[in-house]
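Please look through the structure below before reading on. The points after it are meant to be checked against the coordinates.

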Amino acid sequence: MSVRTFTLNDQLITAAAGQSILAAAREHGIAIPTLCELEGLSTVGACRLCLVEVAGSQRLLPACTTEVQEGMTVVSESPRLKHYRQTILELFLAERNHVCAVCVSNNHCELQNRAVEQGVTHVRFDYLMPTLPVDMSHDRFGVDHNRCILCTRCVRVCDEVEGAHTWDIMGRGFQARVITDMAEPWGDSTSCTSCGKCVQVCPTGALFDKRATAGGMVKQPSFVKVLQHARARKESQ
Amino acid sequence: MVKKVLIDPVTRIEGHAKITLHLNDDGRVAEARFHVTEFRGFEKFCEGRSFREMPAITSRICGICPVSHLLCSAKTGDGLLAVTPPPAAVLLRRIMNLGQIIQSHALSFFHLSGPDLMLGFGAPPTQRSIFGLIEKRPEFARDGIRLRKFGQQVIERLGGKRIHTAWATPGGVTDPLSEENRQAILTDLETADAIITRTLTAYKEMLPRLQAEVNAFGQFPSLFLSLVTPEGNWEHHHGMVRVGDATGQVLATFHEREYARYLGEAVEPWSYLKFPYFKEAGYPQGAYRVGPLARLNLCRRIGTPRADAELIEFRQRCGAVATSSFHYHYARLVEILAAVEWLKVHLDDPRTMDRRVQAEADLNANEAVGVSEAPRGTLFHHYTVDDHGLLTRVNLLIATGQNNLPMQWTIRQIADHFLRGPELTDEMLNRMEAGIRAFDPCLSCSTHAFGAMPLHVQLVGSDGKVIAERYRGGGE
Ligand code: FES
């Protein structure tokens, strides 16, 4: 296994070739805030919360999709990054209707947690307040588009782990929506196996158990990692 | 020539309100209007949401009575699931409502009305507050604070951190009561009992001296509405809805699902509050009073020994049907005792401790009505949902809305009694505010809006011109 050495926040770090900055940082106990990334799923670099500064690059790069290069110098905490991360979170909050107080994921929400960690005290942008539907047609689960941040974890887990590919994305930009099958009501989906993986990986209260009450939804997204490890082991036997 | 006197908004009531007094040529008060100008759109906001979210959403309407909405909404949800919650869940919801009645009545009597009652209606505004009360009557103020805290702790011990959110859910409640918390409530119950006992004694001693207020603060016959048990006794969470008149005659007894057959809702262009009335009697004569006074007037018995003895004495002192709005205060105290006694009964009931507290079910009905007694009066929730449980229509009937007209009649009576000439004297303003506070209205609740504004007093002549204007801080 070839090895890459790079500098992260003035610390010399060794990583495996092909490893992302995020994975290498985590191995060394350095936390970089993330939202769309989930261990065990492919990375898409959708949320941009994990942006880092890379010496020699004008642009900020997402740590979850950027591979470590030999000798690169990376900074993951700076006033500039803090500003960007806060802005990103504020934009998330302004884009749809996140009403924490009555949300099933209140106090257990990754978006909320990131906002608190990054010191978001208020939103400087006008709220778009779009009119978005709630789909409660499924027997056990509901989807509230008001709370979706388009991280696509549901799409990925359904495709990569469950193998059903019930979820996908329709539309572009801020009009994009997660959909089930051909944009049919979830309850009508013929591909959905009702396994509930999408609900567990959803970082907000967008996907939820129908019987959950406000603040009552505590999700366990780490099962994906465990499942993937178990599968890899079985295959290598 | 008609003169208008504007008082805007009333202090020490939750929310924002404005009063106009319409004077006739003789300078007497012809009509009083209690304007609620805040935007009321709450029912609309809920459309498209799941009924399962409603306990959490509606308990956010009002910071003063979240528990009442929570319980009423959960009960309406029971109707949509078409289930009867397990006995323990029903008892626990009752316990929470009793805790809410105690804490809310204590707030109203001691903190909000206490300064008027104990320091006098004419005391300077700087003193007529809970702080003045702490200074002048520390033992009374302390009793109020402790009693309120007791009620709040009952709620906390049941719901944990979920008070505002969703301890009560369609089908039951989320968590059973722990033995530790049951014991804790029982222990504190003794202090609460002692407080309400001595407060009742003190109030009854004071009452003869308050005869002028009793006669001027909304002394008029009206209809009353409240819940009663099937036997016609005091009830706060189940039972039937009853309407009775000032002579003690029962006009109707019905199940909440029939409320629209019996109750109409009038609208007035100058207020965002709805004006519910008893249809048979027409509008506005069919306006009725709800809350502690109505509950005591309509019940046969309370069902616990000491509260029943107090009820008998209440009727001896105030009449078989108490018609003065001033007696809301007295009724509140009797109800606190009733709640204390009933709490003990429920906590000693072995069914309360059953671990089964939730009936699991899917949607089984498209429409349901729930009813519960909030401390300030009967609360109705009416939901219509689609086949997936998304709300298509929401209608809420709230205590302050139902008390709306009687409150205006009370204001008119007080104003007419104390208004001399076109001037807004402090004496009159103070008493009008106190008259409204007797009803314990919670306007942020009944209009579903937030925030308060500073007191704005306007004197408007018949030509529509503002003759005089006065601003007072809203936090007095
Ligand atoms: S976590 Fe890297 S872009 Fe979302």
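Predicted model: local features only at pLDDT ≥ 70, side-chain atom pairs only at ≥ 80, totals over all residues.

1. Fold of chain A. Six helices and ten strands make up the secondary structure listed for chain A. Its radius of gyration is 19 Å, close to the 18 Å that the globule rule gives for 237 residues, so chain A is as compact as a globular protein of that length. The C-alpha trace of chain A spans about 55 × 55 × 30 Å along its principal axes.

2. Interior and contacts of chain A. Of its 237 residues, 51% count as buried. Among the contacts in chain A with a separation of 6 or more, 62% are between residues 24 or more positions apart.

3. Surface and charge of chain A. The accessible surface of chain A is about 11600 Å², and carbon and sulfur atoms account for 52% of this. Chain A carries 24 positive and 25 negative side chains; the centres of the two sets are 2 Å apart.

4. Helix α3 of chain A. This helix covers residues 110–117, and its buried residues are A:E110, A:L111, A:Q112, A:R114 and A:A115. A residue list of this kind can be read against helix geometry: an α-helix has 3.6 residues a turn, so residues three or four places apart point the same way. After α3(A) comes A:G119, with a positive phi near 75°.

5. Contact between chains A and B. Chain B contributes 18 residues to the contact and chain A twelve residues. About 1400 Å² is buried between chain B and chain A, with 53% coming from carbon and sulfur atoms. On the chain B side, B:R49, B:R52 and B:H388 lose the most area to chain A, together 35% of what that side buries.

6. Position of B:H329. Is B:H329 buried or exposed? B:H329 has a relative accessible area of 3%, so it is buried, the cut-off for buried being under 20%. B:H329 sits in helix α13 of chain B, which covers residues 328–347.

7. Surroundings of B:H329. With neighbours within four places in sequence left aside, B:H329 is in contact with B:F109, B:S113, B:L117, B:Y203 and B:A438.

Terms used. Residues numbered from 1 in each chain as written. Chains lettered and ligands numbered in written order. Heavy atoms only, no water. Helix = DSSP H or I, 4+ residues; strand = E, 2+ residues; numbered from the N terminus. Rg over C-alpha atoms; globule rule 2.2 N^0.38 Å. Buried < 20%, exposed > 50% of the residue type's maximum accessible area, 1.4 Å probe, protein only. Contact = heavy atoms within 4.5 Å. Areas by Shrake-Rupley, 256 points an atom, 1.4 Å probe, with all protein chains shown as cover. Lys, Arg positive; Asp, Glu negative; His and termini not counted. Charge placed at Lys NZ, Arg CZ, Asp CG, Glu CD. Buried area = accessible area lost by both parts, 1.4 Å probe.
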